[in-house]
Amino acid sequence: MMLRLRVSFPDRPGALGQVARVLGTLGADILQVTVLEREAGRVVDDFTVSWPGTFDPEGIRDRLSAVPGIRVEAVWRTREIPGTSPDYDLLRHVATEPGRAFATLVDALPDLVSAEWAAAVSSESGDLVHRSWQAPESLDERGGLPGVKAADLTALRPCALTAGRHRFMSVPVPDAGLHLVLARTEGPSFHRAELDRAVRVVEIVSIIGHRPAPRTPQGV
C-alpha cells in the first residue's frame, strides 16, 4: 500500500537522511518527497512511501519520533501516484472537453491533494452540483457527516478547516457560482501548500471552462 507521512524535522544537514534511514529500516520504499514549508529552523515534508505489511500508524509514528528532533504530524493512506503529472492530465482533459470542466475537476482533484472526495456546491442554493466517488449526497448529517453544517464549508475565501471528524478544504469559484469542497478523514488538516496548489488549478480550470467556444467559419 501507499502511505503519506507528514514529518517535521530540524533544517540542518543530515536531518533528511536520518528520516530516510529510519523509513528504510522499517521496510518502506520512499517514492516521493514534497517540501511543504521551511521556516523557523524547521522543515515540514510529505513523504510518499510504498509500505510493506499492515498499516500501523502509531507504530510508524513511534519509530520515527524516537529520533531526536523529528516529529511525525500524520500518517495516512493515499491514492496519489508519484512520478506522474496529475495536474497536467487534469488540465488536458478539461481543455479537451471544457463543457465538463468542473465535473472533471471534482472527479480528479482529490488525487492531487490526497483527499478522499470532492464536491461542487451551488453558491446560490447550496445544492450539490457534482460529487466525486465516495462523496456524500449532502454536506451535513443527512450525508453522514455528523457535526458538519454545509454553510460552514462555503467560506468567502479559500481555507482549510476541521468539522466533526473531517478535514475540509473550501475553494470558492465565483465565476461559476460554485464552491469546491474537498475532504479527508485520515491524515492532518490540509496544509497551506496543498490549498495553494488546489487554488491554482481551480483558477486555470475556471478560465478554460468559461472561454467562448470557437466559431465555425461561414461556409464550412
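Which residues are exposed on the other side of H3? They are Tyr-88 and Thr-96. Keep in mind as you look around that this is a predicted model.

H3 covers residues 86-96, and its buried residues are Pro-86, Asp-87, Leu-90, Leu-91 and Val-94. Looking down the axis of H3, you'd find these buried residues within an arc of 130 degrees, so they line one face of the helix. What do the buried residues of H3 pack against? Their packing partners are H4 and H5.

Now for the whole chain. It holds five helices and nine strands, and along the sequence they come in the pattern β-α-β-β-α-β-α-α-β-β-β-β-β-α. The C-alpha trace spans about 70 × 45 × 35 Å along its principal axes. Of the 220 residues, 44% are buried. The chain exposes about 11,600 Å², with carbon and sulfur atoms supplying 52% of that. Take the contacts between residues at least 6 apart in sequence: 59% of them join residues at least 24 apart.

Next, the sheet. Five strands make an open sheet, ordered E6-E5-E9-E8-E7, with antiparallel pairing. The edges belong to E6 (128-131) and E7 (159-163); each has a single partner strand, so one side of each is left without a neighbour in the sheet. From one strand to the next, the twist averages 25 degrees. E7 pairs with E8 (residues 166-173) in the antiparallel sense over five bridges, and Ala-160 sits opposite Met-169 in E8.

Two helices lie across these strands. H5 (residues 192-209) lies across E7, E8 and E9, and runs at about 35 degrees to E8.

Is Val-121 buried or exposed? With a relative accessible area of 4%, Val-121 is buried. Setting aside neighbours within four places in sequence, its contacts include Leu-128, Val-129, Leu-139, Leu-178 and Val-181. Leu-109 is twelve residues from Val-121 along the chain, and their C-alpha atoms are separated by 15 Å.

Finally, the charged pairs. Side chains of opposite charge can pair when their charged atoms come close. A search of the whole structure turns up 14 salt bridges, and here are three of them.

| Salt bridge | N to O distance |
|---|---|
| Arg-6 and Glu-194 | 3.1 Å |
| Glu-186 and Arg-77 | 2.4 Å |
| Asp-89 and Arg-92 | 3.8 Å |

Arg-6 and Glu-194 form a salt bridge. This pair links distant parts of the chain, with Arg-6 in strand E1 (residues 2-10) and Glu-194 in helix H5, 188 residues apart. Both Arg-6 and Glu-194 are buried.

Glu-186 and Arg-77 also meet in a salt bridge. Here too distant parts of the chain are linked: Glu-186 is in the loop between E9 and H5, and Arg-77 is in strand E4 (residues 71-77), 109 residues away. Glu-186 counts as partly exposed at 24% relative accessibility, and Arg-77 is partly exposed with a relative accessible area of 44%.

Asp-89 and Arg-92 bring us back to helix H3, where they are three residues apart, so about one helical turn separates them. Asp-89 is partly exposed at 34%, and Arg-92 is partly exposed at 47%. Elsewhere, salt bridges with shared partners join Arg-4, Arg-6, Asp-46, Arg-184 and Glu-194 into one network.

How values were computed. Residues numbered from 1 in each chain as written. Predicted model: local features only at pLDDT ≥ 70, side-chain atom pairs only at ≥ 80, totals over all residues. Heavy atoms only, no water. Pairing = 2+ DSSP bridges. Helix = DSSP H or I, 4+ residues; strand = E, 2+ residues; numbered from the N terminus. Axes fitted to C-alpha atoms, helices over the stretch in contact; angles between N-to-C directions. Contact = heavy atoms within 4.5 Å. Buried < 20%, exposed > 50% of the residue type's maximum accessible area, 1.4 Å probe, protein only. Arc of directions from axis to C-beta. Areas by Shrake-Rupley, 256 points an atom, 1.4 Å probe, with all protein chains shown as cover. Salt bridge = Lys/Arg side-chain N within 4 Å of Asp/Glu carboxyl O.
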